[in-house]
Amino acid sequence: MSQRVILPLSMPSITPKKIAENQYEIEADSNLGMKVPVRIYANDALLQKMLTDRTIMQAKNVASIPGIVSHGVVLPDGHEGYGFPVGGVAAMDAKEGMISPGGVGYDINCGVRLLRSNLTEDMVRSKLKELVTDLFSSIPSGVGSKGSVKLNHSQLDEVLTRGVNWAIDNGYGSSHDAEVCEENGQIDNADPNKISDKARKRGLPQLGSLGSGNHFLEVQKVSEIHDEEAAEKMGITKGTITVLLHCGSRGFGHQVCSDYLRVAEQAMEKYNIHLNDRELACVPNTSEEGESYRTAMFAALNYAWSNRQMLTHWTRKSFERVFNQSESDLDMNLVYDVAHNIAKVEKHKVNGEERKLVVHRKGATRAFPANKEEVPLKYRHLGQPVLVPGSMGTASWILLGQPNSMNLSFGSTAHGAGRTMSRSKARRNYTEDDVKKSLNDKGIFIKALTRDGVVEETPHAYKDVDAVVNVSHELGIATKVAKLVPIGVIKG
Amino acid sequence: MSYKFLDHATDAFVEVNAKDLKEAFATTADAVINITLDQDKVEEKNQKEFSANGKDLRYLLFSWLEEITFVLITEGFAIRRIEFDIVQNDEYKIQAKAFGEPLDLQKHNFKVEIKAPTFYEMKIEQKNGVFMRFLLDL
C-alpha cells in the first residue's frame, strides 16, 4: 500500500452543486487527493454558514483518506472541528480502509439519553428551583480530583468491559435501562489492557460526572407531538416532563484518543500513508494498531455508558426526594441512549452490494430504520429513536430513524444544533446576566458551575435546531416524533 | 511574548509569539492556565513536579499541553507559575515544577475543562524568534 495525500491548509472558495432539495455535492478532486465526493445535507442558510468556516475544507480532507467509500457526509448541523468536521460521517472499507481516532474525536461516546416521567409541567413548576438545586448538588461535575465513587483498578476494568451493566449491577438502575441503549450499553471486545496508565488516572476519579463545556442535564416538557404512534411507544405524552442528559467518557476517553492519535501518527510511515494534517492520522482497520485502537475505544464506549447510567440514577433519586414519590411511581423510564462520537463496523449497501464498513460518526447519530437487528426489540418495528439536543434554552427533538438514512448518510443524522459562534465571541457579546435573564424570560431556571460556561453556551451561539431537524425530516433520514423545551438546566 | 486566540467555532485556537523556545513554552503554559482559570487569582502555596517529552518539538508541545491540563484538571492543582528546563538528547524533555494551590472553582474562576491538545494545523517556526500555533479541544 502506498498513498500520498496532499491536503490543502488554505481555504479556497468552494461552490457545492445542488443535486436535490437539501442535498449538495462537491465532486471528488483528484488533484486534492480526494477519493470520493462530499455530500452536504443542508438547506441554503445552513450551507451558507458552513461555507464561512473550515467545515467543507475539512470534509474534503476526510474524503482523501485511503479506503473511504462512496461519499463523505456533512450533516445539517455540520461545523468546523479539528481534522474531521463535527456533524460528519466517513465510512471506510473494513478490509482495505482505515480507522482513525480523530474520526471519532476526543469525547468518545459523547451521547444523549432521555428519561420520561408522568409528571406534568404544573407539578414541576412549583418545585422547579428546589429540583434544579437538588440535581445540581447531587450530580458531580467531576472537575478537580474529587471523585464521586472510589474505584480500584479491577473495578475500572469491569466498567470498561461491562459498560452499563456494571452500573446496573452496582445499584445504578435496572436491566430495562440497558435494553434501550445503543449496543444495549455494553459493547463486546473492549480491552482494558490497551488502556494507558494516564487514561486510567484520568478515568478513575471522573466516573459518574457530567463535565463542563457543552455538557448538560435538562428538565424539559413535551411541547409538540408529531408522530403519535412512535411517541406512544416511547411513553412520550404532550405536557409531561422529560429529562435529557448530554455527556460522554470524560478525561478517560479524551486520553484514549490522545494516546492512539500518537500511535496512529507514528505508524503511518510504516503503512506509507502521508497526510499533511497529523490530526487526521489513521491506520489500516485490520492492522495491529487499528485493532488496538478499536478495543481501547470500545472500553471508552463502555465507560461513557456506565457514566450516563450513574447520572441517570442520581437524577431519579433527586426526583424522588423533591416529589416524595418513588421512581417507579414517577415512571421515570429510560426512553433511549444514543452515542454520537463512535466508530463501528456495520453492513451497508454500496451500489447495490452489501459491504462491511467502519462507519465513523463524529458528531453524528445513528438513525437506523425499522427492522434492523441493531435496533432494540422494543423499537425494532418502528425504527431507532434519535435524540437531537438543541442549545441551552432552545428546543430538543426526538426523531425516528428512517430508510433514507441507509441510502444517503450511512444510517446517520444530525447530533445537535451545531455551534455558529466562537466561545470568545460569545464572551465578548454577552454577559452571564444577559443569558440568565433571557432564559428566565423564557421560564427556564439554570444552575451552572462556571460563569463563562453560561455565557459561552448562550443560545445565540448555536444554529437553529428546528432548521437542522427539518432537513433531516424532509430528507427522510430521521423524522420528527416530538419537540421538547427546557424549563430547568444544570450545566457543568 | 504574547498569545492570542484565532476565531474557531468551538475550540481554542492559539497563536504564540516569543523570543525563544523556552519563552514560547512558558507562554503556551500561560494560555492553557488562563483558558482553564484566572491565573492571577492563584496563590503560590504548594508545588508539583511533572515532565513532558517528545521525539520532536511538535510532540513535545503536545505532551506539554497534555501534562499541564492533567495537573490542572485531574490533579485539581491551580497553577500560578511554572519553573522548567528544556533538554534535548535523543528526544526533547521538559522537567517542570508548578507553583500554586489546590483548585478552588470559585476563587480561581474556573472556566472550562480542556479535553485534549490536537495536532490540527499545529505549527512551530523558529526564525527571528519562535512562532507556535495549536488547537485545544474544549
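**Helix against helix**

Author: Start with helix α10 (residues 250-267) of chain A and helix α2 (residues 57-74) of chain B: their axes come within 12 Å and cross at roughly 170°. Bear in mind that this is a predicted model.

Reader: Why are α10(A) and α2(B) called roughly antiparallel?

Author: The crossing angle is roughly 170°, and angles over 145 degrees count as roughly antiparallel, so α10(A) and α2(B) get that name.

Reader: Which residues make that contact?

Author: On α10(A) they are A:Gln255, A:Ser258, A:Leu261, A:Arg262, A:Glu265 and A:Gln266, and on α2(B) they are B:Tyr59, B:Phe62, B:Ser63 and B:Glu66. By class, this contact of α10(A) with α2(B) divides into 3 nonpolar, 4 polar and 3 charged residues.

**The wider interface**

Reader: How many residues of each chain are in contact, and what area is buried?

Author: Chain B puts 37 residues in contact with 45 residues of chain A. About 3700 Å² is buried between the two chains, and carbon and sulfur atoms give 51% of that. On the chain B side, B:Ala9, B:Lys115 and B:Tyr120 lose the most area to chain A, together 18% of what that side buries.

Reader: What makes B:Asp56 and A:Arg278 a salt bridge?

Author: Their side chains meet at 3.3 Å, N to O, and the cut-off is within 4 Å, so the pair qualifies. Between chain B and chain A the count is 5 salt bridges. The rule for polar contacts finds 15 residue pairs across this interface, both residues at pLDDT 80 or more.

Reader: Which elements of chain B supply the side that touches chain A?

Author: α2, β6 (116-117) and β8 (130-137) of chain B each supply at least two residues. The largest share, 9 residues, comes from α2(B). By class, that side of chain B has 17 nonpolar, 7 polar and 13 charged residues.

**A bridge inside chain A**

Terms used: Residues are numbered from 1 along each chain as its sequence is written. Chains are lettered from A and ligands numbered from 1 in the order in which they are written. This is a predicted model: local features need pLDDT of at least 70, side-chain atom pairs count only at pLDDT 80 or more; totals for chains, interfaces and linings use all residues. Side-chain values use heavy atoms; hydrogens and water are left out. Axes are lines fitted to C-alpha atoms, for helices over the stretch in contact, and angles run from 0 to 180 degrees between N-to-C directions. Helices (H or I, at least four residues) and strands (E, at least two) are DSSP runs, numbered from the N terminus. Angles under 35 degrees count as roughly parallel, over 145 as roughly antiparallel, 65 to 115 as roughly perpendicular and the rest as oblique. Contact means heavy atoms within 4.5 Å. Ala, Val, Leu, Ile, Met, Phe, Trp, Tyr, Cys and Pro count as nonpolar, Asp, Glu, Lys and Arg as charged, and the others, Gly among them, as polar. Buried area is the accessible area (1.4 Å probe) that two parts lose on being put together, summed over both. A polar contact is a pair of N or O atoms within 3.5 Å; within protein, one must be able to donate a hydrogen and the other to accept it, and residues adjacent in sequence count only if both atoms are side-chain atoms.
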